[in-house]
Amino acid sequence: MKALFWDFDGTLVDSRLKNYQVTKKIIEDTTDKDLSNIPFLKTFENYKHGITRFTNWRDIYITAFGFSDAETDQIGLLWTEYQLNDKTHTPLFSGIKEVLNNFCHFTNVIISQNSKENILQVLSENEIVSPFNTIIGFEEVDIRKQKPDPAGFLKCIDDLSLNNNHCIYYIGDHETDVIFANNASQVLKSMKSTTTILSIGAFYGNDQSISDWKIKPYFVANTPNDIIQIISQN
């Protein structure tokens, strides 16, 4: 049996502008840092090109902004509030609704480092809540065990009883997503599970190249329609 596990930002929705606005607002409100001295946040173009270099949101705050682990923990607690208060439109990528409609009879899960409440709000605005069986946001996982730690992935597998006889496709736009799926796969193998995990790199929302990725995805989707073709043929 097949199941689809989805990343959210950059995979289902183009949330770059909203996340850029929220990040700037949090930095402005909670620190005395001058945004003009942070190249990563000087322009939206800088932000779009920069986010692909970091492992996860914690890496951004620690590496790009110089926050400590404790400060980053506190920032994480503010993320939901700031996301919900920001009204920047967050559109689905063109073609995503067709993919979800095509595979609505499969188990569909979102595992994201975004807030579950914000994810639900964005899905509701785009009228596409019903296909998803489970949504795991960053609050559902220990703040120190975010992607690529497989904790969130394994929680979904346990909660939905997918430990055996399933083929799970994990669809994400970042190298971290591929490592995340690979880490979960290694744990399943150590447990003698008969469930397999295959990663799909989603490249319709960015200009990344996988040439320098340490771990490559099993498949590459240059359009959402490619996802339909990959899953239907395997």
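## What counts as a salt bridge

A salt bridge is a side-chain nitrogen of Lys or Arg within 4 Å of a carboxyl oxygen of Asp or Glu. By that rule, this structure holds nine salt bridges.

Before we dig in: this is a predicted model, so local features need pLDDT of at least 70 and side-chain atom pairs count only at pLDDT 80 or more, while totals for chains, interfaces and linings use all residues. Residues are numbered from 1 along each chain as its sequence is written, and side-chain values use heavy atoms, with hydrogens and water left out.

## A pair in helix α1

Take a look at aspartate 29 and lysine 25, whose side chains form a salt bridge at 3.7 Å, N to O. Both sit in helix α1 (residues 16-30), four residues apart, or about one turn of the helix. Helices here are DSSP runs of H or I with at least four residues, numbered from the N terminus.

How open are these two? Aspartate 29 has 43% relative accessibility and lysine 25 has 42%, so both count as partly exposed. That label sits between buried (under 20% relative accessible area) and exposed (over 50%), using a 1.4 Å probe and protein chains only.

Over in helix α3 (residues 44-50), lysine 48 and glutamate 45 are three residues apart. Their closest N and O atoms are 2.9 Å apart, in another salt bridge. Lysine 48 is partly exposed at 22%, and glutamate 45 is partly exposed at 41%.

Helix α8 (residues 151-159) holds lysine 155 and aspartate 159, which meet in a salt bridge at 3.2 Å, N to O.

## A linked group

Finally, salt bridges also link Arg58, Asp69, Asp73 and Arg144 in a network.

Methods: Helices (H or I, at least four residues) and strands (E, at least two) are DSSP runs, numbered from the N terminus.
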